[in-house]
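Colleague: I have a new model open and would like to learn how to read it. Could you take me through it step by step?

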Amino acid sequence: MQPAKQEPETQTDIDMKDIVALCKRRGFIFPASDIYGGINGFWDYGPLGTELKNNLRDYWWHRMVTCPPIGPDGHPLQIVGVDSAIIQNPKVWEASGHVGGFSDPMVDCRETKKRYRADHLIVFIPDPSLGVDKLFAFHEEATNEEQEKRLKKFGVKFEGKFIGDTRRLENCLDQLDKILAPDAKEVGTLTEPKEFNLMFETYCGPVQSEDNKAYLRPETAQGIFLNYKNVLDSSRVKMPFGIAQIGKAFRNEVNPRNFIFRSREFEQMELEWFCHPEEAKKWRDFWFEERQKFWRDVGLTSDNIQMRDHDSDELSHYAKEGLGTADIEYKFPFTAPDFGELEGIAHRCDFDLTQHQEHSKTKLEYLDPERNNERYMPHVIEPASGLTRGVLALICEAYTPDPDRPSGVYLNFHPKMAPKKAAILPLMAKGEQPEVAEKLYMALREEFSVDLDIKQNIGKRYARQDEIGTPYCFTIDDQTLEDQTVTVRERNSMAQERVHIDKVAEYLREKLRG
Ligand code: ATP
């Protein structure tokens, strides 16, 4: 594969470039294969990025599996976890529809040679009163400024608002000859949509033949459906119940962009919630609330998240019959003032289990002892979120420019998510202070992820902790040696107070509980 220099696209505003730079400078996220110039769509997580990702991952697992939410009837839900293989029998992807089924239609631009997912293009149709005979295709992630700039370039009036109609490309295929592709100068350069599946292919064993072809999973969800029967047979769950999974997914995205937002290798956190078909609505409403609460609890502010129901022309193959899909969206700097998908909550009906029953010839219906042994195919509500996309949301939310502090910026992570919970900083690098600091560090390290930083002047050390989002810095000074108190500096307010050295662990425990 041709190595490509991986840089975020410049359509993102300046903040995004600063965020990407900070992530690299402080060891959160690096371009994969950096010393070879990168590889488009792949990213590596550095020491702090890995901690942050693990914190989000572990908290999701805690909220879903270890300590599941209390259901509408006041009892804890039953949710168990699985960790399925990335490569499965290729028949799985035929049953799920990823191969030979609903693979994603693509359109090519004959002029720019760019390829787009048809469902990612939006078409602006100018109002006839404007006298413009072209239609304008945009990538759905294009910012308002980009749209405005481009429309103005072609003489379309844009006074804070576009005058005309907006439709998805799929609904304008009869007018392809009038459409100006996103980066094209001539109209009519988009081809008809062609089927293209986004799955990475590989071969199992030494022979590269069709018979040995396999795929890297494009979602973690199917690994759950595959284990539905094994879980039912081996554990004591009863309807309704959930199976959760966190893991890598791979999609050969045509246009990876916006840092880790859309990459070719990423991680998902998915729950399949199985229930009686008549209860699907109750559970969908429950998960809508619960999942928004989760994102608020990890530090995303309400103003920056919203729920959006899918339009009828966006509905997936499995959702057409059901209650539809809604996304939890986040206002990323590159989508603002619009929002981008963070998590999808879909009513998948009985689509997957029915498909697998048919293709595998294994009975997957549920015999419900609580409902007079009624036999039915459960319906599924699926809250499916991106772990790596969630990490990006946490970083964007936390990024706070502040010209009044030496670092010029700090990361305002929720203490639960912060990669380092505290730093221990002796004012002097020599004498008794470093010894006391080390003792405190040894007392805390088993329980908390803490940094002991002894060298450099204190301003520089605070600046580093601000930039990596450490919520508390404990400083050991001369007074510590006299009265066993340390100063604690709170990251956001920079306010300082003194606490007894023996109370530091309790102080941290208390703060992290929130
Ligand atoms: P999109 O429309 O953005 O391609 P999708 O609707 O196909 O996403 P799902 O299949 O519902 O996504 O996947 C669930 C979640 O997985 C998404 O909400 C997103 O957070 C994450 N995700 C999907 N594709 C990618 C990707 N290429 N890179 C990073 N995260 C992704």
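Predicted model: local features only at pLDDT ≥ 70, side-chain atom pairs only at ≥ 80, totals over all residues.

Colleague: Thanks! Where do I begin: how many helices and strands are there in the protein?

Modeller: Start with an inventory of the elements. Here the protein has 12 helices and 27 strands. Its radius of gyration is 26 Å, close to the 24 Å that the globule rule gives for 514 residues, so the protein is as compact as a globular protein of that length. Along the principal axes, the C-alpha trace spans about 80 × 70 × 50 Å.

Colleague: And what share of the residues counts as buried?

Modeller: A residue is called buried when its relative accessible area is under 20%. In this protein 53% of the 514 residues count as buried. The accessible surface comes to about 24,100 Å², and carbon and sulfur atoms hold 48% of that surface.

Colleague: How do I read the contacts along the chain?

Modeller: Look at how far apart in sequence the partners are. Taking contacts between residues at least 6 apart in sequence, 66% join residues at least 24 apart.

Colleague: Let's turn to charge. How many positive and negative side chains does the protein have?

Modeller: There are 69 positive and 88 negative side chains, and the centres of these two sets lie 2 Å apart. As for pairs, the structure holds 39 salt bridges.

Colleague: Can you show me one of those pairs?

Modeller: Let's take Asp-119 and Arg-117, whose side chains meet in a salt bridge with an N to O distance of 3.1 Å. Arg-117 has a relative accessible area of 11%, and the cut-off for buried is under 20%, so Arg-117 is buried. Asp-119, at 24%, counts as partly exposed.

Colleague: Which residues are linked with Arg-117 and Asp-119 in a network of salt bridges?

Modeller: The network also takes in Glu-141, Glu-253, Arg-257 and Arg-262.

Colleague: Now a single residue. Is Lys-213 buried or exposed?

Modeller: With a relative accessible area of 15%, Lys-213 is buried. To read a residue like this, find its element and then its partners. Lys-213 sits in strand β12, which covers residues 213-215. Leaving aside neighbours within four places in sequence, Lys-213 is in contact with Pro-90, Glu-201, Thr-202 and Tyr-203. Of these, Thr-202 is 11 residues away along the chain, and its C-alpha atom is 5.9 Å from that of Lys-213.

Colleague: What should I look for in the backbone itself?

Modeller: Most peptide bonds are trans, and most residues other than glycine have a negative phi, so exceptions to either pattern deserve a look.

Colleague: Where can I find a cis peptide bond?

Modeller: One joins Met-239 and Pro-240, with omega of about -5°. Pro-240 lies in the loop between α5 (221-234) and β13 (241-250). Another cis bond runs from Ala-336 to Pro-337, with omega near 5°. Pro-337 is in the loop between β16 (325-330) and β17 (340-349).

Colleague: And which residue other than glycine has a positive phi?

Modeller: Asn-373 is one of them, with phi near 55°. You will find Asn-373 in the loop between β18 (366-368) and β19 (374-376), and it is partly exposed at 49% relative accessible area. Gln-484 is another case: its phi is positive, about 60°, although it is not a glycine. Gln-484 is placed in the loop between α11 (478-483) and β26 (485-490), and at 37% relative accessibility it counts as partly exposed.

Key:
Residues numbered from 1 in each chain as written. Heavy atoms only, no water. Helix = DSSP H or I, 4+ residues; strand = E, 2+ residues; numbered from the N terminus. Rg over C-alpha atoms; globule rule 2.2 N^0.38 Å. Buried < 20%, exposed > 50% of the residue type's maximum accessible area, 1.4 Å probe, protein only. Contact = heavy atoms within 4.5 Å. Areas by Shrake-Rupley, 256 points an atom, 1.4 Å probe, with all protein chains shown as cover. Lys, Arg positive; Asp, Glu negative; His and termini not counted. Charge placed at Lys NZ, Arg CZ, Asp CG, Glu CD. Salt bridge = Lys/Arg side-chain N within 4 Å of Asp/Glu carboxyl O.
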